[in-house]
Amino acid sequence: MARSKPSSSKKQPKRGVDFKKIKRKIGRKLPPPKNATNTEIKSKAIILPEQSVASERAGLAVSKKGLTLKELLQQTSHHNAKVRRDALTGIRDLVLKYPAELTLHKLAIIEKLRERISDEDKVVRETLYQLLKLVIFPALKKDVPGSLISLMMAYIFNGMTHLATDIRLMAFKFFDLVVQHYPSSFFMYAEKVLQNYEDILRKNHIYLQDRSKLKNALVGLVRCLSLLPCNRRTVDPSYGKNTETQGSLHAYELEVPKEHTDFSSIIKRLEDILPILVNCFQDFIPLVHPMSSLDAQSFDCMLYLLRSIDLSVKFFLYGIDKHQTDFGVTKPTYNEKDMPVWGEIATPVFLRKFLEVFPLNQLHNTSGKDEDKFFILNIEITEIFLHSNEWIFTSAILMERFLEFIENLLSGKIRFNSRSGKALQEKHLTSLLPFIPRLVSLVANTWKSRLLQAFTMAFKDCKPESTLNLAFLSAIEEMLLPSKRQGILLLDASEPEILDHQITWIRELPVLLVRLGDTLSSLSKVILHLLLRLGQYAPMNSSLAWEYDIMQHTLGEFYSMCLDDGSILYGPFMKLPKDCQELSVCCLYYFSSLDSLLLRSLVYCCLCDNLEPSVLFRIIDVLHSAYKIGHLQLVDLISFFVTLVARWKVLPGRLYTHVENAKKISNRETFKAITGAVCSCLRQMGDDALIFQIVQRVILDEIPLNPPIDNLCGMLRLLVILDSRPTKLSEQSIIILSNSISEYLIDAASYIPENGDEVTDSNQISICQYYLVPCFFLFDRSDKLLNLVLDLMGSSIGEDNSSLACNHDTQHTLDLSSRIVAVVSILLYMHQDIKIRRRLSSCKGEITRILQKMRLQVYTP
Amino acid sequence: MEVVIASSPVDAGIGCWDLHSGAEQLRYRSCTSTPHGLACVGQRFLVSSQLRDSSSSSGTILYWSWNKPQVEVKSFPAEPIHPLISNSDGTYIIGGGSSGAIYFWEVASGRLLKRWHAHYRAATCLFLSDDESLLVSGAEDGCIRVWSLFMVFDDIGMEMAKHPYEYSFSEHTLRVTDVVSGYGGCNAIIVSASEDRTCKVWSLSRGKLLRSIDFPSIIDAVALDPGEHVFYAGARDGKIYIAALNAESTPSNIYGKHIIGSLSDNSKGVTCLAFSMDGILLVSGSEDGTIRVWDAKTRNIVRIFRLAKGPINNVLVVRRPLYSNFQTSANSHASLSRRHVPLLPPPLSKYVNSTDEIVDSGAITVPQTPSSDIMDAPYLSSHVLTKQISELQQQSSAATGMEVDRLKLDCKRSLEMVQKWKEMFADLHKFCVDELLGNDQTQTQ
């Protein structure tokens, strides 16, 4: 105010020229005019409950309580536990609301949060755990630099060595969380982590009271150990490997070997940790026996302990195996001593001691639920036993106990009582089944038969849709066929009892295949693969090969079945995906003599419209190949081919070339291709004269059935291909053929384009040629046939106009005229062909007779 | 002289044509060969396994020498042999039997060195890798196995190893019809064809399937382009498809993925393929009895030979020694030539001999090169060699002493020479410098 006044007083004099000068006293204020509006604004101060004065919140991400991320992070290190907890929940809200905030400030957030890993307050830790688990890790899944993990790890390790047991156990839980989301992080810190596990398990008696915590820690251990490489039973690589991704074969490969090379430190640690695990487990055993019921917590602990033992044993085995494959085959084994031997010396002793506890809970039968628990534990122990079987020399008594358990398990004497038991039992059986083949091959004879008996029973009882089937099938494959790696047979098929079992399995396979239908195509595929392998690898002239041959009787049902009333029931073959179809077709090749019944069911499939042409061609290919190596009778194959050509349904609607009929036209193309394929097969068979005789006989059987024009054309083609000049056709067959050919020609005449018509379709011309050319070949080779056909054509014009004339007069005349037109156009068309013209000249008599008859027809009403 | 030889399963003999002039050479009589059952042993003579009716249990292998149409040597192995190959030197013949066994004979002595059970079904094709250390065999059961010849003869090593073969590929579902391997020994690729309408490319170094190519028809023969950019696949529909090995192929193709084109002459099925030595001409044999020579670059037919009406199942391109002058002289100097001609080796034996006989054998066979004129000493006895070695060892003390003395003298003399030369050089140098400086001085003066 004080400054504005002088400026206004300076300006006044200038303006005062036109106006009356008003004298004013300096320092005095005029009273406001009466009509002046009161523009004064009154306000009161509003006190906001905030601490930072400078922050401007508009547009910033805030939590429910209006706090920014920065404040929340500050609050996480508040001395009050409640505030810390609230801050964590606040962060959670905020991140859920504004996910961008997290990606922007992830480093800051993690940096601050990690301090809370070893927070004294239990609730705070739990909240942090939830926050990391539910919000932060899932959100950061995509981009997590190693630095973030290492930031966390420093504090986790700090927590792991904390004095308070709670914090310690919780740290393991955090580590588990990290590994869960970023599995590779385990290998970076494996040694240190395992060391910490070792420490904590060593003092397990302290934590025996607090089993849930111990359980949490063990869950983490199991997870870590399951990351270790082991001999996984992979499915046959040929089942579904994608090799198409590779662009060029000789290109430089960018792939870095994924194998983690340095396992030596982990091995060392695991060697230390394994006895501790075993000890820990044995600490639980006294708890088990006296008590009648086992509480869930300690059961879980035991289960996880067993799992970790199992996993580490597997890892050792992997090491031994790898060692052998790396240095056993390529180089002789002289440098074995220099290699670190993977846990071979120390482990067996205490493991044997550990296995002695088996089976648990033999003494008292308690409530059902408990029994299940013991059952699960027993299965786990069995699994460890089976894994370690290869390098522990077990005592016979123990072995007996295990074998008995396995037998009971297979035969279903031990069952789960609870409702979910069925699924559980299947799951556990699946894990045990892969060991059966090896076990059977190793144990003594009495046990061998008992195990096989139980195995076969279980396999037979297994429902077709059960997941167990896959495990059963892979075990059977291992026991039937020489293994892929070793190349030797596991079981000696010369022993009658083993052979019996093998035969039972083989007989079961087609039945299973038929029962499956098309419900589980993946399983069907595995079965078909097994059948194929069996056909390929079964030693020649052995009983297995014989059994494989017998199988075709049951396999017919898989393709199709002819019912008593003549209708056809298609088997699962028609509905399976194409790769399964191809596999099953390949199986046919290996039958040492293909049965004609199977061929019949196959031909029904081939004649079905739904079958894809490519599969049909495969069938033709495979049958031809089978014939080549003598697995198929010549007559059978030829009648298969002829039946195919004679009965294959060509859809009508050939005159149209519109888009909607494109499919129907392609159908005809398919038929042409089939005829072509059959022709080329017939030509490759060798002795043309002999094949011609057979083909001729079969075709003459088919012709009286009046096949459609396309099929007749196909059959004529077959004859033409095999025939030579002069014709080899017999007198009788010429007579039969001439009958059908004359009708055929009149039918085909409708395709002959009219002369001078310019818009004739090139398509139509080709169709016409397609129909007529085989006839021309036949005429060219046999004058007699031509004569007969011309005769028949003539008589068809002149025949019995009297008998029908009274009834359908107009109909008849129409029919007759079209016939005459057809004959004429045929004769004209034949005349155009130079070769046939020459032939025609020799049968002028027949032609004049035809002309006379025509004249008769035309001039006599 | 580079010749095309071809044989047929019907008795049409073995045809032989000069690849470049097209002139037909001698036709060797009475041969009904099996598929892949024709081989040329070290450019010295022809060998073929014979188709027999199933009644006879033993097989037949016949030898023809280059200059005689008649069969010269007949051998009868224990079972019918289907595929037959020989190594490039012609020291060994390897055959695959109908039981799945592989036979390994030494040519010079005819001994059966090894017979091992290789497949569960009859072997259909054999191929030696370019360094002749690996043998690839295919069988009717669709299995392809790779054998290290080194391991096959290492009995102890065989027992130690988990399996006798190096690799066993069983991805083919039907009979394997042909197998070829590329360059690079154990790092090569192999291409196999099967009746399941696929060709598969395998890596020998990694032992895995690299690529599987579906064809519109069954492939009966495969030939690798020398540069290994493409391979040619002779199909039953009469076309020779060209499939890419290296290039990225366009996904939409008329024939299918990886197939970049075809050679076609509307013939019947192609049964066998062979490349000429220069890698430009591709020779194909067909079901219709003709042999077509294609220029692989321009994809045109260069020549057509006719063998017979029946199908052809073997085509080879081999270098044949020039015997033409020799043949003309053969009549005049019959007795002389008889002495010159290396008599064909004895027939192949039926069974593996007992081991003591093997130890006893004292002959080292030096496979002679057929182009060389000296054919008198194809065999060197090991006794001679051992004698020479011992002689050398005995002589060494006296002879080498003298030699050393002589060398020492030589050395001394040379050193003296060097000294002299050095002096002369120094003189010359001095003279030159003086001359130059003298000139300078005269100028300045």
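**View 1. Q297(A) in helix α13 of chain A.** Q297(A) lies in helix α13 of chain A, which covers residues 296-327 (helices here are DSSP runs of H or I with at least four residues, strands are runs of E with at least two, and both are numbered from the N terminus). With 31% relative accessibility, Q297(A) counts as partly exposed, because partly exposed is the band between buried, under 20% relative accessible area, and exposed, over 50% (1.4 Å probe, protein chains only). Q297(A) and S212(A) sit 85 residues apart in sequence, yet 5.9 Å apart in space, C-alpha to C-alpha.

A quick word on the numbers: this is a predicted model, where local features need pLDDT of at least 70, side-chain atom pairs count only at pLDDT 80 or more, and totals for chains, interfaces and linings use all residues. Residues are numbered from 1 along each chain as its sequence is written, chains are lettered from A and ligands numbered from 1 in the order in which they are written, and side-chain values use heavy atoms, with hydrogens and water left out.

**View 2. The two chains, A and B.** Chain A has 37 helices and 2 strands, while chain B has 6 helices and 29 strands. Buried residues make up 48% of the 861 residues in chain A and 51% of the 445 residues in chain B. Take the contacts (heavy atoms within 4.5 Å) in chain A between residues at least 6 apart in sequence: 75% of them join residues at least 24 apart. In chain B, residues 24 or more positions apart account for 46% of the contacts with a separation of 6 or more. The accessible surface (Shrake-Rupley method, 1.4 Å probe; for residues, only the protein chains shown count as cover) is about 44,400 Å² for chain A, with 56% belonging to carbon and sulfur atoms. For chain B the accessible surface comes to about 21,200 Å², and 56% of that belongs to carbon and sulfur atoms.

**View 3. L602(A) in helix α25 of chain A.** L602(A) is found in helix α25 and is buried, at a relative accessible area of 1%. Setting aside neighbours within four places in sequence, L602(A) is in contact with Y559(A), L588(A), I619(A), L623(A) and F640(A). S560(A) is 42 residues away from L602(A) in sequence and 6.9 Å away in space, C-alpha to C-alpha.

**View 4. Helix α25 of chain A against helix α27 of chain A.** Two packed helices are described by the angle between their axes and the distance between the axes. For α25(A), residues 596-607, and α27(A), the angle is about 20° and the axes are 10 Å apart (axes are lines fitted to C-alpha atoms, for helices over the stretch in contact, and angles run from 0 to 180 degrees between N-to-C directions). The two are therefore roughly parallel (angles under 35 degrees count as roughly parallel, over 145 as roughly antiparallel, 65 to 115 as roughly perpendicular and the rest as oblique). α25(A) passes α27(A) in a right-handed crossing (right-handed if the near helix is turned clockwise from the far one by less than a right angle, left-handed if anticlockwise). From α25(A), S596(A), L599(A), L602(A), V603(A), C606(A) and L607(A) meet D636(A), F640(A), T643(A), L644(A) and R647(A) of α27(A). That contact divides into 7 nonpolar, 2 polar and 2 charged residues (Ala, Val, Leu, Ile, Met, Phe, Trp, Tyr, Cys and Pro count as nonpolar, Asp, Glu, Lys and Arg as charged, and the others, Gly among them, as polar).

**View 5. Helix α27 of chain A against helix α29 of chain A.** α27(A), residues 634-647, and α29(A), residues 688-702, pack at about 45° with axes 10 Å apart, so α27(A) is oblique to α29(A). The crossing is right-handed. Among the residues of α27(A) that meet α29(A) are L634(A), I638(A), V642(A) and R647(A), with partners including I691(A), I694(A), V698(A) and E702(A). By class, the contact has 11 nonpolar, 1 polar and 2 charged residues.

**View 6. Helix α29 of chain A against helix α30 of chain A.** α29(A) and α30(A), residues 709-722, pack at about 160° with axes 9 Å apart, which makes α29(A) roughly antiparallel to α30(A). Their crossing is left-handed. D688(A), I691(A), F692(A), V695(A), Q696(A), I699(A) and E702(A) in α29(A) meet M715(A), L718(A), L719(A) and L722(A) in α30(A). The residues here divide into 8 nonpolar, 1 polar and 2 charged.
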